[in-house]
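Student: I would like to go through this model and ask what stands behind each label. Please set the values against the cut-offs as we go.

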Amino acid sequence: MTQVEGTRPLTAISCLLEAKKFGPREILAFIIVGLSFAFISFHLYAGMFGHPEAHFYRSLHLTGVLVLCFIFYPLSRKAWSDKPNFWTLVDVVCILLTLALEVYYLWDVEAFELRQVTSPNATDICMGIILWLLVLEATRRSLGLPMVLIAIFFTFQALYSEQMFWIFYGPSTSLKSLVLDMYMQEGGIFGMPLGTIASFVVLFLIFGAFMEETGTGRTFTDLALGAFGAKVGGPAKAAVVGSAFFGMLSGSSCANVTTTGTFTIPLMKRVGYGSTYAGGVEACASTGGMFTPPIMGATAFVVAAYLGLSYVTVAMAAAIPALCYYFALFAAVDFHARKSKIPPLKKEEMPVVKDVLKNGAHLLIPIGLLVYFLVSGYTATTACFWSIVGLFIVSFMKKSSRPGAENILSVCEAAAKATVVTAMACAAAGIIVSSSTLSGVGLKLGTQIVSISGGHLWLALLLAAILAVILGMGLTTTAVYIIMVVTVIPPIMQMGVPALAAHMYALFWGVLSNIIPPVAIASFTAAGIAKAGPMKTAVSGFCIGLPGLLVFATFVYNPGLIMIGSATDIIINSVGCLIAVICFAAVVEGYAFAKINLVIRIVLFLCSLMSLSPRWDLTFAGMIAGVVILTWNYLAFKKENLNILQNSEQEA
């Protein structure tokens, strides 16, 4: 996929290919390429032949992640390719300490595992503290300071609970107990979230990086443009559809924005959309990819692991909400285009679907292969591994997608860097989970939210959503979800919400924090491409996505939306949700085929709420009223256009 000039960062492989001499930067680039290739090869081997013992495998995985992190994100330099300075020595020390930790563990694994049952010795405690420091430093470099501060707070809260206040007060945890749980056992840093990343999320990141390298993202965008470009608001609709398809593979809102947005945002601006609106559309469309099957984001795999369900079950549960979310975006951009009289693309500006399929249809085969394996009951690891193999084979079918050695190494580097960010989020979250579990503060926080809500489920859900948005200001989606799992999700489940619904609620709001101000990272990324104000773009994206947010605010009351209940429940909830988001999109835009006044907006707002009601009588009333109003507006719009056309013919 082509990118805007100057937006693509310098990669290690490109540095080697462009090098005219072999200096310190080229040596470091060579090390990055070698380590990335070894790291990815290790996980591909494990994906094919199976994983070794959990702690052993996760330890090797984290060692590779830490070493790569200290190289990719050097201290006191903007990029690894910058000239080394005095602080480079700190990077070297961090790498040596990381390797020393792994050697210490591997030196006598049996003795180490025996001390997991008995008690850690003084050396174990020192090594645990060093790992704690290394994880925090690597997290600071790759994710920023907020998550580090939260992890530090929870660690010291566990150690000094007796000196704390409010819900943070309680019996203090000994340093030995904390090190044992956080470092030596599989409940802290080496817990299930990191294990999920190491087991199969890495493979999906490889798959996504390979798809991007072969140009699949552009294929999706071209197909969407060919299908919707001639429609009202064509470029925006193409952005919604194209970003949905590529987002479900990449699993990252920011990566999706930078991949598809570099093409769709300028196109939207060219036909008349404002800069902030174009950026907002792309941000919302890209964010939705993180909960759109079949791949979704890394967090979906963590959800499946926490619930003990198959990944297919989680993906099926997300299918209808994802469809309704994108349907809401589609309706929003349609109404906006009609209201602003934005013209569709001219025929010569649109790619021909037949030509796009001729050149890129083979790249869609691995996606079908992935879906087939997942639906057939294979594990996510097996499904993704053979999909990668399939993608590698079909990429040779066309010269445009045929990979060379440099493309394969570039995929390894991109996947390794993506893994660093995701894995560090899980490792730091492991510190928070371990500390809060030992101190009991997670349970206390959840109990406090239930107490504040007065036992009212709607208020508890609102507080949980607010907590997710606040956490999302500084944490990744995976970290937000994990923290919510140990705090607010258990008490919400105790209020009668099914486990799957409660966990999906945490997942969705963790994802949606990417487009909710004041810190809407996906919107900020889109604003850079659109050359618009970050906060204005974030507000625009929030307004555009508001009808979609309605889906996730109510599906706990309508579990049919996540495939819980009878077929009748699922159908009625789904149809009601689709009508609700169209009505709400009209309310937000103040337009539904024609301008609507305040009274109609209020009525449509009530119709949207009623259509999502758990009571079927209210649901049907809201659906019927909403359809009648929208149909009446549409017929009036058609009649007005017909009269204008007849008058024009008479004048001619």
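Tutor: This is a predicted model. We can start with Phe 291, which has 0% relative accessibility.

Student: Why is Phe 291 called buried?

Tutor: Buried means under 20% relative accessible area. Phe 291 has 0%, so Phe 291 counts as buried. Phe 552 is also at 0% relative accessibility and therefore counts as buried.

Student: What makes the pair of Phe 291 and Phe 552 edge-to-face?

Tutor: Rings pair if their centres lie within 6.5 Å, and planes over 60 degrees apart count as edge-to-face. The two ring centres are 5.1 Å apart and the planes stand at 65 degrees, so the pair is edge-to-face. This pair links distant parts of the chain, 261 residues apart. Phe 291 is in the loop between helix H13 (275-288) and helix H14 (298-307), while Phe 552 is in helix H26 (residues 534-554).

Student: How many aromatic pairs does the structure hold?

Tutor: The structure holds 25 aromatic pairs. One of them is formed by Tyr 273 and Tyr 277.

Student: Why is the pair of Tyr 273 and Tyr 277 called stacked?

Tutor: Planes under 30 degrees apart count as stacked. For Tyr 273 and Tyr 277 the angle is 5 degrees, with 5.6 Å centre to centre. Tyr 273 has a relative accessible area of 3%, so Tyr 273 is buried. Tyr 277, at 8%, is therefore buried too.

Student: How do you know that Lys 417 lies over the face of Tyr 73?

Tutor: For a charge to sit over a ring, NZ of Lys must be within 6 Å of the ring centre and within 35 degrees of the ring normal. Lys 417 is at 5.7 Å from the ring centre of Tyr 73 and lies over its face.

Student: Which residues have the most contacts inside the largest nonpolar core?

Tutor: They are Tyr 183, Met 504 and Phe 555, in a core of 207 residues. Helix H15 (residues 311-340) gives the most to this core, with 17 residues.

Student: How do you know that the span of helix H2 agrees with its number of residues?

Tutor: H2 (residues 24-49) has 26 residues and should span 38 Å at 1.5 Å a residue; its end C-alpha atoms are 37 Å apart, so the values agree. H2 is followed by Gly 50, with a positive phi near 100 degrees.

Student: What covers the buried residues of H2?

Tutor: The cover includes helix H1 (12-18), helix H3 (54-72), H9, helix H18 (380-394) and helix H19 (405-439). Among the buried residues of H2 are Ala 29, Ile 32, Val 33, Ser 36, Phe 39, Ile 40 and His 43. An α-helix has 3.6 residues a turn, so residues three or four places apart point the same way.

Student: What makes helix H9 mostly covered?

Tutor: Of the 22 residues of H9, 18 are buried. H9 (residues 192-213) reaches 30 Å from its first C-alpha to its last, close to the 32 Å expected. H9 also has a kink of about 50 degrees, centred on Phe 200.

Student: Is Ser 395 buried or exposed?

Tutor: Ser 395 has a relative accessible area of 0%, so Ser 395 is buried. Its place is in the loop between H18 and H19. Ser 395 touches Phe 210, Thr 214, His 362, Ser 401, Arg 402 and Pro 403, not counting residues up to four places away in sequence.

Student: Why is Gln 494 called exposed?

Tutor: Exposed means over 50% relative accessible area. Gln 494, found in helix H23 (residues 489-494), is at 67% and therefore counts as exposed. Val 375 is at 63%, so Val 375 counts as exposed. Gly 528 is at 54% and therefore counts as exposed as well. Gly 528 lies in helix H25 (residues 521-530), and Val 375 in helix H17 (residues 365-375).

Notes
Residues are numbered from 1 along each chain as its sequence is written. This is a predicted model: local features need pLDDT of at least 70, side-chain atom pairs count only at pLDDT 80 or more; totals for chains, interfaces and linings use all residues. Side-chain values use heavy atoms; hydrogens and water are left out. Rings of Phe, Tyr and Trp (its six-membered ring) pair if their centres lie within 6.5 Å; planes under 30 degrees apart count as stacked, over 60 as edge-to-face and the rest as tilted. Buried means under 20% relative accessible area, exposed over 50%, partly exposed in between (1.4 Å probe, protein chains only). Helices (H or I, at least four residues) and strands (E, at least two) are DSSP runs, numbered from the N terminus. The expected span of a helix is 1.5 Å times one less than its number of residues. The bend at a residue is the angle between axes fitted to the seven residues ending there and the seven starting there. A nonpolar core is a set of buried Ala, Val, Leu, Ile, Met, Phe, Trp, Tyr and Cys residues joined through side-chain atoms within 4.5 Å. Contact means heavy atoms within 4.5 Å.
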